[in-house]
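Open the model in your viewer and keep the sequence panel beside it. This tour tells you what to select at each stop and what you will find there.

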Amino acid sequence: MQPDIKNIPQQLGQYLYQQIKEPWLEAQLILNCEDESELECKAHYQTAVDANEQPIAVSDEIIELFSTLFENATTTGRQYGAKSKEVREWMLDPNNYTLDHYNLNRSAGAQLKETYFPPNMIS
């Protein structure tokens, strides 16, 4: 049975919270997909005392969930345009957002150097 796609981000976040046993500033779960034949998943966190990345063990179940989420985002999720009804409904639902600590949430998104694939429009 396929897991519910909407619950996967929350499950991944909960996994990170459960694995880190000390106060931390930032945690990342990264899926490396440069080589489509082999996906690599890793996780780490940083503390206020030590800026070095501390590794987090990643279970096979988490890799599978993350891969499912990635596959859905790059196939099904790209079928909608930016102003489509589905995207607008998702963006207006407050359950799809989580708030960070105010220091982390202030204009940090505008400073990221991320780019996104354009949607695959079906003609």
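Helices (H or I, at least four residues) and strands (E, at least two) are DSSP runs, numbered from the N terminus. This is a predicted model, where local features need pLDDT of at least 70, side-chain atom pairs count only at pLDDT 80 or more, and totals for chains, interfaces and linings use all residues. Residues are numbered from 1 along each chain as its sequence is written, and side-chain values use heavy atoms, with hydrogens and water left out.

**Stop 1: the whole chain**

Colour by secondary structure. The protein chain has 5 helices and 3 strands. From the N terminus on, the order is α-β-β-β-α-α-α-α.

Now show the surface. The protein chain exposes about 10300 Å², and carbon and sulfur atoms supply 52% of it. Accessible areas come from the Shrake-Rupley method with a 1.4 Å probe; for residues, only the protein chains shown count as cover. Buried means under 20% relative accessible area, exposed over 50%, and partly exposed in between (1.4 Å probe, protein chains only). Of the 123 residues of the protein chain, 17% count as buried.

**Stop 2: helix α1**

Select residues 8-19, which form helix α1. At 1.5 Å a residue, the 12 residues of α1 should span 16 Å; the end C-alpha atoms are 17 Å apart, so the two agree.

Which residues of α1 are buried? They are Ile8, Leu12, Tyr15 and Leu16. These residues cover an arc of only 95 degrees around the axis, which puts them on the same side of α1. The arc is that of the directions from the helix axis to the C-beta atoms.

What covers the buried residues of α1? The cover includes β1 (26-32), β2 (40-46), β3 (54-56) and α2 (60-74).

Stay in α1 and pick Gly13. With a relative accessible area of 23%, Gly13 is partly exposed. Draw a distance line from Gly13 to Leu29: the C-alpha atoms are 8.7 Å apart in space, and the residues are 16 apart in sequence.

**Stop 3: just before α1**

Select Ile5, in the segment before α1. Its relative accessible area is 23%, so Ile5 is partly exposed. Contact means heavy atoms within 4.5 Å. Leaving aside neighbours within four places in sequence, Ile5 is in contact with Thr68, Leu69 and Asn72. Ile5 and Leu65 are 60 residues apart along the chain, yet their C-alpha atoms are separated by 8.8 Å.

**Stop 4: helix α2**

Move on to α2. Its 15 residues should span 21 Å at 1.5 Å a residue, and the end C-alpha atoms are 21 Å apart, which agrees. The buried residues in α2 are Ile62, Leu65, Phe66, Ser67 and Thr68. The buried residues of α2 pack against α1, β1 and β2.

Zoom in on Ser67. Ser67 counts as buried because its relative accessibility is 19%. Beyond neighbours within four places in sequence, Ser67 is in contact with Leu31 and Leu39.

Next, pick Ile63, also placed in α2. Ile63 is partly exposed, with a relative accessible area of 26%. Not counting residues up to four places away in sequence, Ile63 touches Cys41 and Val58. From Ile63 to Leu31 is 8.2 Å, C-alpha to C-alpha, and 32 residues in sequence.

**Stop 5: helix α3**

Side chains of opposite charge can pair when their charged atoms come close. Select Lys85 and Glu89: their side chains meet in a salt bridge (3.9 Å, N to O). A salt bridge is a side-chain nitrogen of Lys or Arg within 4 Å of a carboxyl oxygen of Asp or Glu. By this rule the count comes to 1 salt bridge. Both residues lie in helix α3, 4 residues apart, about one turn of the helix. Lys85 is exposed at 62% relative accessibility. Glu89 is partly exposed at 47%.

Last, select Met91, which lies in α3 (residues 85-92). Met91 is partly exposed at 48% relative accessibility. Trp90, Met91 and Tyr97 make a nonpolar surface patch of about 340 Å². Patches are made of residues with over 30% relative accessible area and no salt bridge: like charges are joined within 9 Å, nonpolar side chains (Val, Leu, Ile, Met, Phe, Trp, Tyr) within 5 Å.

Methods. Expected span 1.5 Å × (residues − 1).
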